[in-house]
Amino acid sequence: MKNQIVSVGSVFPDFKKLAVVSLEKGNEFYEISSDDHKNAGKWLVMFWWPKDFTFVCPTEIAEFNNKFEDFADRDTIVIGASTDSEFVHLAWRKNHDDLRGLKFPMLADTSKSLAEELGILEANEKIAYRVTYIVDPQGIVRWVSVNDLSVGRNVNEVIRVLDALQTDELCPCNWVKGEETLSA
């Protein structure tokens, strides 16, 4: 299997998927679509993990949740995703202390159609790599980061890059919000 990862400058694919949005009985699931992002006029951070009920994944999901307000302050929608079903996501949230209070949806790409279109499926198990996309309000991919299955990502780096992209300026190596940008 050859991965052709959707990359910077590409239009993020259209999608419509069920997601876990709550632990409240009767309100657990909601259908999320790419139109939700486009109609909101906000940035999108979509991050993928390989499998529910594993060890590295909840550390990342919990950290995205810890930084949820930082993303909201930047007019950014956060969506977590894997190829597990919405029922597995719900069970995991109910059974993992760090996942019960999530403030963002856990998208279920059970058909693997979105992960396949994004080109992020691992060849043997057909599970998603640890991929993070930053998509601008017009639906254009502005940043992609891909980690192998065993290495967790750095959520602060996602925020740093989002800040840099939102300046629409030239930002040097290790730039952080509040520092000077470069003149063109």
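Q: What do the buried residues of α4 pack against in this predicted model?
A: In this predicted model, the buried residues of α4 pack against β1 (16-20), β2 (29-33), α2 (57-66), β4 (76-82) and β5 (106-108).

Q: Which residues of helix α4 are buried, and what puts them on the same side?
A: In α4 (residues 86-95), Glu86, His89, Leu90, Trp92 and Arg93 are buried. They cover an arc of only 165° around the axis, and therefore lie on the same side of α4. Phe87 and Asn95, on the other side of the helix, are exposed.

Q: Why is Leu18 called partly exposed?
A: Leu18 has 34% relative accessibility. Partly exposed runs between the buried limit of under 20% and the exposed limit of over 50%, so Leu18 counts as partly exposed. Leu18 is in strand β1.

Q: What makes Leu18, Phe29 and Phe87 a nonpolar patch?
A: A patch of this kind takes nonpolar side chains joined within 5 Å, from residues with over 30% relative accessible area and no salt bridge. Leu18, Phe29 and Phe87 form such a patch on the surface, with about 280 Å² of accessible area together.

Q: Why is His96 called partly exposed?
A: The relative accessible area of His96 is 22%. Buried would require under 20% and exposed over 50%, so His96 is partly exposed. His96 sits in the loop between α4 and β5. Its C-alpha atom is separated by 8.6 Å from that of Phe53, 43 residues apart along the chain.

Q: What makes strand β6 mostly covered?
A: Of the 6 residues in β6 (residues 130-135), 6 are buried. Arg130, Thr132 and Ile134 point one way, while Val131, Tyr133 and Val135 point the other way. In a regular strand, side chains alternate between the two faces of the sheet.

Q: How do you know that β6 pairs with β3 and with β7?
A: Pairing takes at least two bridges between the strands. β3 (residues 43-48) and β6 have 4 bridges in the antiparallel sense, and Leu44 has Val135 as its bridge partner in β6. β6 and β7 (residues 141-147) have 6 bridges, again antiparallel; the partner of Thr132 in β7 is Ser145. β6 and β7 form a hairpin with 5 residues between them, and Gly139 in the turn has a positive phi of about 90°.

Q: Why is the contact of Asp14 and Lys38 called a salt bridge?
A: The limit is 4 Å between a side-chain nitrogen of Lys or Arg and a carboxyl oxygen of Asp or Glu. For Asp14 and Lys38 the N to O distance is 2.7 Å, so the pair is a salt bridge. Asp14 lies in the segment before β1 and Lys38 in helix α1 (residues 34-40), so the pair ties together parts that are 24 residues apart in sequence.

Q: What other salt bridge links distant parts of the chain?
A: Arg74 and Asp163 meet in a salt bridge at 2.4 Å, N to O. Arg74 is in the loop between α3 (68-72) and β4, and Asp163 is in helix α6 (residues 155-167), 89 residues apart.

Q: Why are Arg74 and Asp163 called buried?
A: Buried means under 20% relative accessible area. Arg74 has 14% and so is buried; Asp163, at 8%, counts as buried too.

Note on methods. Residues numbered from 1 in each chain as written. Predicted model: local features only at pLDDT ≥ 70, side-chain atom pairs only at ≥ 80, totals over all residues. Heavy atoms only, no water. Buried < 20%, exposed > 50% of the residue type's maximum accessible area, 1.4 Å probe, protein only. Helix = DSSP H or I, 4+ residues; strand = E, 2+ residues; numbered from the N terminus. Arc of directions from axis to C-beta. Contact = heavy atoms within 4.5 Å. Patch = residues over 30% accessible without salt bridge, like charges linked within 9 Å, V, L, I, M, F, W, Y side chains within 5 Å. Areas by Shrake-Rupley, 256 points an atom, 1.4 Å probe, with all protein chains shown as cover.
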